[in-house]
Amino acid sequence: MKKKLVSLLTVSAMTMAMLVGCGETAADTATQTAETVAETAETVADTATEVAETVAETAGNADLADKKVGVCIYQFADNFMTLFRTELENYLVSQGFSKDNITIVDGANDQATQTNQIQNFITQGVDVLIINPVNSSSAATITDLVVGADIPLVYINREPDADEEARWSANNWNVTYVGCDARQSGTMQGEIIVDLGQEKVDLNGDGKIQYIMIEGDPENVDAQYRTEFSVKALEDAGWTVDCLDDQVGNWDQATAQQLVANSLSAHPETEVVFCNNDAMALGALQSIEAAGRKVGEDIYLVGVDALTEALEDVLAGTMTGTVFNDHIAQSHGAADAAINYITGAGNDYYIGCDYVKVTTDNAQSVLDSLK
Ligand code: BGC
Ligand code: CA
């Protein structure tokens, strides 16, 4: 390109010299002019090349290999968040980030620890932060810290409240939330029970559904909504419910196992066990079996997440159903949002995702999709 331009200008300058060509002086002048034009052309071409190189370099900044991502997980010892963070890291690498530039830290379920980790990431000057808060109620403080350092922020899994989300759009901040609406998962849990028919579920035939509820961390909106909306789905179907026990299992299998063991011995008339997640449903199942009960025959059990083990239980009939909490769509969505901040494309303030109801009908296909 550069050469072509130079030779073109040289030729036209020489043509000019030939045309002018009456006498040596004119020809000399023309040649000199041609040389000057050619030189100028070369300078212009050089400048153009330099500009092109600068543009290419700027574009090269959008290359993700040298970008640093900080990821804060509320607690590594959480089955669902383990699936989430593993997929998140793999996907970030597949999109061009270097594994060495992705740092994922364990908040150990302690907000002070996590806040420290966020401060460290800010000091290190990461390009983007992906945060699964320990306490959703600390989101305002976290946002202020991160926005104050001019770092874009992607919240995952634990949704900050409406007031907090409103601040992001009001201030045009580079802050978003990627996740699902927990109301939907609760409703689906309830619908799985309703779909069985009241005759079948009301085992003692008293016209009411006796149930126990095992909740995740009550500070978490997922726990609040699943607890509320699972039962609401039964009521919306015109069923009468009777809550025998409502306990906090903190998303944890062993805790839930203990709680359900106690509940079942105090309330053998239990017909349905609702667990806010699968880890706790797996614990519940251990106690149901230890009590000599059989899911699908004399008790019903539902969870949320679609952990592999839970899907296998659904297929075996030892769990009535679960709800797929799509960690693949959510982790990819979070990574894509991070990339959009880095490239300057930006994001909406809320990036949603759908849950999927899982029963024996589709458990195998969900299982296959996760392989
Ligand atoms: C999942 C739980 C998990 C929790 C962590 C929920 O969406 O269903 O399994 O423990 O997130 O915040
Ligand atoms: Ca009953």
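Modeller: The lining of the largest cavity is made up of four nonpolar, four polar and five charged residues; here Ala, Val, Leu, Ile, Met, Phe, Trp, Tyr, Cys and Pro count as nonpolar, Asp, Glu, Lys and Arg as charged, and the others, Gly among them, as polar. The model is predicted, so local features need pLDDT of at least 70 and side-chain atom pairs count only at pLDDT 80 or more, whereas totals for chains, interfaces and linings use all residues. Residues are numbered from 1 along each chain as its sequence is written, chains are lettered from A and ligands numbered from 1 in the order in which they are written, and side-chain values use heavy atoms, with hydrogens and water left out.

A cavity is a set of points, on a 1 Å grid over the protein atoms alone, where a 1.4 Å probe fits but cannot get out, and its lining residues have an atom within 4 Å of a point. Grid points are joined across faces, edges and corners, and a volume is the space filled by probe spheres set on the points. By this rule there are two cavities of 30 Å³ or more.

The largest cavity holds about 100 Å³ of space. It is lined by 13 residues, and Asp78, Phe80, Asn157, Asp222 and Trp251 are the closest to its centre. Helix H3 (79-94) and helix H9 (221-236) are the elements that give two or more residues to this lining; helices are DSSP runs of H or I with at least four residues, numbered from the N terminus. The largest cavity lies between domain 2 (68-180 + 327-353) and domain 3 (183-324), because both give residues to its lining. These domain bounds come from an automatic or database domain assignment.

The second largest cavity has about 30 Å³ of space. Its lining consists of Asn157, Tyr177, Gly179, Cys180, Asp222, Asn325, Gln330 and Tyr355, which divide into three nonpolar, four polar and one charged.

As for the ligand, the residues around ligand 1 (those with a heavy atom within 4 Å of it) include Asp78, Phe80, Asn157, Asp222 and Trp251. Tyr74, Arg158, Asn220, Arg226, Asn277, Asp305 and Asn325 also surround ligand 1. Polar contacts are pairs of N or O atoms within 3.5 Å. In one of them, a polar side-chain atom of Arg158 is 2.8 Å from an oxygen atom of ligand 1. The side chain of Arg226 likewise places an N or O atom 2.8 Å from a ligand 1 oxygen, and for Asn325 the distance is 3.2 Å. Of the 310 Å² of accessible area that ligand 1 has on its own, the protein covers 99%, by the Shrake-Rupley method with a 1.4 Å probe.

A pocket, in contrast, is an open set with protein on both sides within 12 Å along at least five of seven lines. The largest pocket has a volume of about 290 Å³, and Glu159, Pro160, Asp161, Ala162 and Val221 are the closest to its centre among its 19 lining residues. H9 supplies the largest share of that lining, four residues. Domain 2 (68-180 + 327-353) and domain 3 (183-324) each give at least three residues to the lining of the largest pocket.

Notes. Polar contact = N/O pair within 3.5 Å; in protein donor to acceptor, adjacent residues only side chain to side chain.
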